[in-house]
Amino acid sequence: MYHSNPLLVEIMKKTFLHILAIILMSGAMFSCHDLYVPVTTELTPDVFPSNAAQYISASGPAYVALRGNYAVEYFQQQSFSTDETIMPARGGNWFDGGQNQTMHYHTWTQDNGYLNGNWYWMSTIIGVSNQTINILRTTMPSGAAKNTGIAEIKMVRAFAYYMMMDNYGNVPLDTLYGDFTPKTNTPRAQVFDFVEKEIQSCIPFLSEVNDVTQYGRPNKWTAYALLAKMYLNAEVYTGTKRYDDCIAACDKVIASGKYSIEPRASYLQMFYPNNGPQMKEFIFAIPYNPTMSNSFPFRSVNIHARYQVPRSMAKRFSMPYTPAGSASTLPEYYAYFNDSKDVRNGQWLTGLQYMADGVTPITVTTTNLGYDQFYKGSNPTEVKTFQVNLTPDIVLRQSVASFDAGNDEVAWNMGYRNIKFYPDATSLNRDQNNDVPVFRYSDILMMKAEAILRGGAPTGGATAVSLVNQVRSERTTSPALTTIDLEGIYAERVREFAFESWHRNDMIRFGKFENKWGFKTNADTYRRIFPIPRNALQLNPNLKQNPGY
Amino acid sequence: MGASTDWQSAIQKSTAISTNHNLSVSGGGEHSNYSVSLNYVKKDGILLNSSLERVIGRLSVEQYALKDKLKLGFSVTNSTSDAEDIPYRNTVLLQSTLYLPVSPILRSDGTYFENLQNNNYYNPVAMINNSQMNTKYSNLIGSFKAELKLPFGLTYNLNLSYLNSNSLSGSFYNSYYTTNYNNMYDNPDPGLGFHTNQLFGKNGQANRSSYQNTSKILETYLTWNKEFGEHSIDAVVGYSWQNNKIGEGFQVTTSNMPVDNIGYNNLALSNPYGISGYQISFGPDGVYQETRLISDFARLNYNYKSKYLLQASVRRDGSSVFGANNQWGVFPSVGVAWRLSQENFLEGQNIFDDLKLRASYGVTGNASGFNAYTSQFISGSLGTYYYNGALTGAFGPTKAANPDLQWEKTSTTNIGLDFTLAKSQLSGSIEFYNKNTTGMIYSYSVDPIKVPTGSIVANGGSINNKGVELTLNAKLIQQGAFSWNSTLNLAHNSNVITSLTNPLFAGGDSVLLSRPEGGGQSGRSLQILKAGRPLGQFFALEYAGKNASGVSQFVGADGKLTTTPVDGKDYKYLGSAQPKLLLGWNNTFKYGNFDLNVFIRGVFGNKIFNATRADLFRPNTAQYANILVDAGNESAADYNAYFYSSRFIEDGSFIRFDNATLGYNFKKIGVLRNLRVYGSVNNLFVITGYKGIDPEVNQGGIAPGVDYNNFYPKTRTFLLGVNVSF
């Protein structure tokens, strides 16, 4: 018989319990390996976008991106490269790596800040549009709302491609979100074809409405206006004349009856801080508002007055900040404003300056040296008070090599200033409420007139001169023109579209981009398109530099 | 006019007083013990309106049970701090160097002097006195520990802890500030960013924010300790679980206060809707994040006769931040050591008391430093846009989703020698290491036409650090009541970025960074991140003296000299911020009851980009802004003098007399067990050739070695103290 030893049993029992305890603890130790953390505070694809209001919000990023550089850096690229604007350094300030100097001299390289920044901006609009189209395509239920929503975003993308083709010529065509293979340049003419077909494919789905519900987003007439701009410049872009097509596109907008020329009394108001959907001429405008928010790496604001209004005139315009006043026009450009009866003269600040009452002089108190840094008299610190007097010429008194006018009152009061985008006294800061038009009805009439002069067949009983007079009659009380030639069209465009980002485009089409103005003598024709900027070449090794650069 | 203001002194206090009190009590019995301590610090900052107050309380209790087989520990630490600081401190520091000394702080009518027609030019004293900023922190750490001794040499440990940190901040800009300084630029620390335009409301603006971070941690492990004759084994297996929540809370910025003196303390009195167009801000999107980390680990220590030592471990770490298929990573490490002094062949020698050679290799993983939801497709606010007459929210992807994101790995190889010789008179160690980080998680630049946010957080580049460290301890003198012990540390590290591309997208192999944004130098960068180059690589214009007409010229990309260099294109590699040698030297002297400790520190062979100096080097702006005395000797015709170039890259080497403490210990006076009286001085002097205020500029992060008015002035501190034990 087997007799259990009680002591041994006790020991075995204890050992067993210990082992059990260890196993249990080990089990507890390695039980949980769940790493799932639900996301409850962000917009995940499960919850967004999934209803009509959310589709509107999901479309928004394309418009926030489009607003990006349009009113500032894009304008500056179009304007600083022409006789419209010059921004010399002031004692080294505003030299900014020579980016303003090389734009003026036509010696820009792939390193220029504007060229890099604007390429990046246009690429972003296209990238955001591709992504937005993909989101709407995969989430929205089929129907008219979806077709129109996607067509509008495609128009934003088409406009971005148009700007890119107009500025940089041969650009990569990226149209599918999620395709990460780096593309090489597409020749300019093929980019033109893509944009043309894209616009045509959108037209059937675009809204024909022109009111507050559509303002800021492209409608059918935006599409025709962009086509007209493409066809008017087609000879520059592709070598093929498309003037009849231009006239046909203009006729679509004219026939819509949705737009009319703003009368003389309200021409200047078209660009005031309170402009908006009520403007009769605005076919497509980019709305700016100081309270809009933006998370893209672009300024996304309109700050025209910051650059144009002299520092001493902040009070005159009740501005909430001291403007920089570093930019002005050149005498060559201002010379076109030679009709004293033209309301468009009202957009300039010239000569002696007065407060809003028109009689109180605007004065500045400084010292002799503060007034003129080259003062050699015996009293450099003597107080000097003078009335602000804007002089037409730009003189690089401090250094021609550094593009520098000096950092004194003489330099700060050089050059005539443009206040078309009138300073916004209601803003809390330098950001202005003035919307910036892209296409105006007067441009439709001017484009049609020019297309006729360039060989297009007149339609609807209009002639080049009748179309131009249709615009001029609402701009000046001078007698109507009896004849017009291309030179006359150019002069009229300078007066009509000053500071609206079309001057570079006009100068190239009229063959004037190689002229001399200011300090610029360079006549390289390859500069009609800008170089592919350095940052773009770094991010996409398949890109090739444009000819000449 | 005609004043003589030292603006840098004007924003500082002449002296600042600090106090530090410590009280601790501890005790215990046979089966328990406890300790309690309280620490109070009050420091006056050297800049006007800056100070810090901190209280730390600690309590810990240990209790033994089950015949001392079970040890239970419980501890709580709470620390609270309350700091006053200066809003836009870097801008204030910048203005204090820029403001003309001929301008007074106050006009004769008692108002602040300002010349606002001069862009980006503000009275720094007025900036300080018309704004406030306060940050309060409260940190709580509670932990519970249990250790149970089991049979067979086993021990079981369970640790639970809870961490909670709260911040409460406020800032206020009064009506003077919002009227005069709207649209000013900030002056961020050097890095990838640009300066930005600061917007304020009207009649004062106040901001309040309150955020909480919490972590819950569970760690449990089983240890087996066994000795068999000459063999000893120590083995551990364990598991840990951690859940973190950060950014739970909110912030709000409002404006239009009825008076100036309520500061940020009563936002309810603000009337933001009274300002047309003003919008209350709730701060950035995506602050709240939750993450989870789970690990299994095992470790084995083996040693034979204390002569051969082996340590091996392996961890399997999981993190919720990675894509579903990449959450887990396995990280092994192994180390061996050989105590040569125990070997027969070294017996009988009397040079080495101890000599140990060791080597190790290990891999660790990193899962932090980026947004917790990076691997997922998430939309957020991208701004507002005009839709049907109203400003409508625009929502879309705010970052590129990267479902392939996985652990960043760092492998480290280490070889070292520890030695003690001459009867322990001299001991020390020498150590060589080589550290490779691969699959570096970084925000890589991407063509925005592909990824509209322009960057993607991905595994890509790699970085290498290798170096040598030497430590020597010497008992130099020991005679009677006098002794002198000395410790010397020398370290050399070489850092290089070995790759900076990510496998998803081509291109973008270099990044320009550090933009001080001085006048006329918008966007001009000082540094580059690039493969084959270290962090802190300077990349800017190369100064080549002056041309015949006295204008600064630079070496162009084509090697020819130019007075009109092109940013980027004409940049050159100009040395780096990485020091070649770091030195630490500590000396302890004792004589009777006196003791003296002296610590000296040095950094050698590094470069500093003195952008502060460059921006004050503009002789032709003397009528508008302050310039350096040195720059007064420059020709006024040299319009390029201030360009950020090699002219302003200086040797950053220095030796700092960091601390000296002299103490006297009284032995047993009445009920006092010990009384110690001491005095100490910090930062007595610096020996350096550096021309800036202090060579110890920011040396860490992504953009080290740039001096741009972004430092809190270093102070010389004198301290008197008493320690009493009962």
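**Close-up views of a predicted two-chain model**

**Figure 1. Contacts across the sequence of chain A.** In this predicted model, take the contacts of chain A between residues at least 6 apart in sequence: 70% of them join residues at least 24 apart. Chain A has 18 helices and 10 strands. Its radius of gyration is 31 Å, well over the 24 Å that the globule rule gives for 549 residues, so chain A is more spread out than a compact globule. A box of roughly 135 × 70 × 50 Å, taken along the principal axes, holds the C-alpha atoms of chain A. Of the 549 residues in chain A, 53% are buried.

**Figure 2. Where chain A meets chain B.** Here 87 residues of chain A are in contact with 89 residues of chain B. Helices that each supply at least two residues to this side of chain A include α1 (6-29), α2 (52-80) and α18 (534-539). The most comes from α4(A), with 9 residues. By type, the chain A side divides into 40 nonpolar, 39 polar and 8 charged residues.

**Figure 3. A cis peptide bond in chain A.** Look for the bond from A:Phe48 to A:Pro49, which is cis with omega near -10 degrees. A:Pro49 sits in the loop between α1 and α2 of chain A.

**Figure 4. Positive phi at two loop residues of chain B.** B:Asn203, in the loop between β8 (197-198) and β9 (205-228), has phi near 55 degrees. With 19 other C-beta atoms within 10 Å, B:Asn203 is partly exposed. B:Ser306 belongs to the loop between β11 (289-304) and β12 (308-319), and its phi is positive at about 55 degrees although B:Ser306 is not a glycine. B:Ser306 counts as exposed, because it has 12 C-beta neighbours inside 10 Å.

Terms used: Residues numbered from 1 in each chain as written. Chains lettered and ligands numbered in written order. Predicted model: local features only at pLDDT ≥ 70, side-chain atom pairs only at ≥ 80, totals over all residues. Helix = DSSP H or I, 4+ residues; strand = E, 2+ residues; numbered from the N terminus. Rg over C-alpha atoms; globule rule 2.2 N^0.38 Å. Buried ≥ 20, exposed ≤ 12 C-beta atoms within 10 Å, placed from the backbone. Contact = placed C-beta atoms within 7 Å. Nonpolar A, V, L, I, M, F, W, Y, C, P; charged D, E, K, R; others polar.
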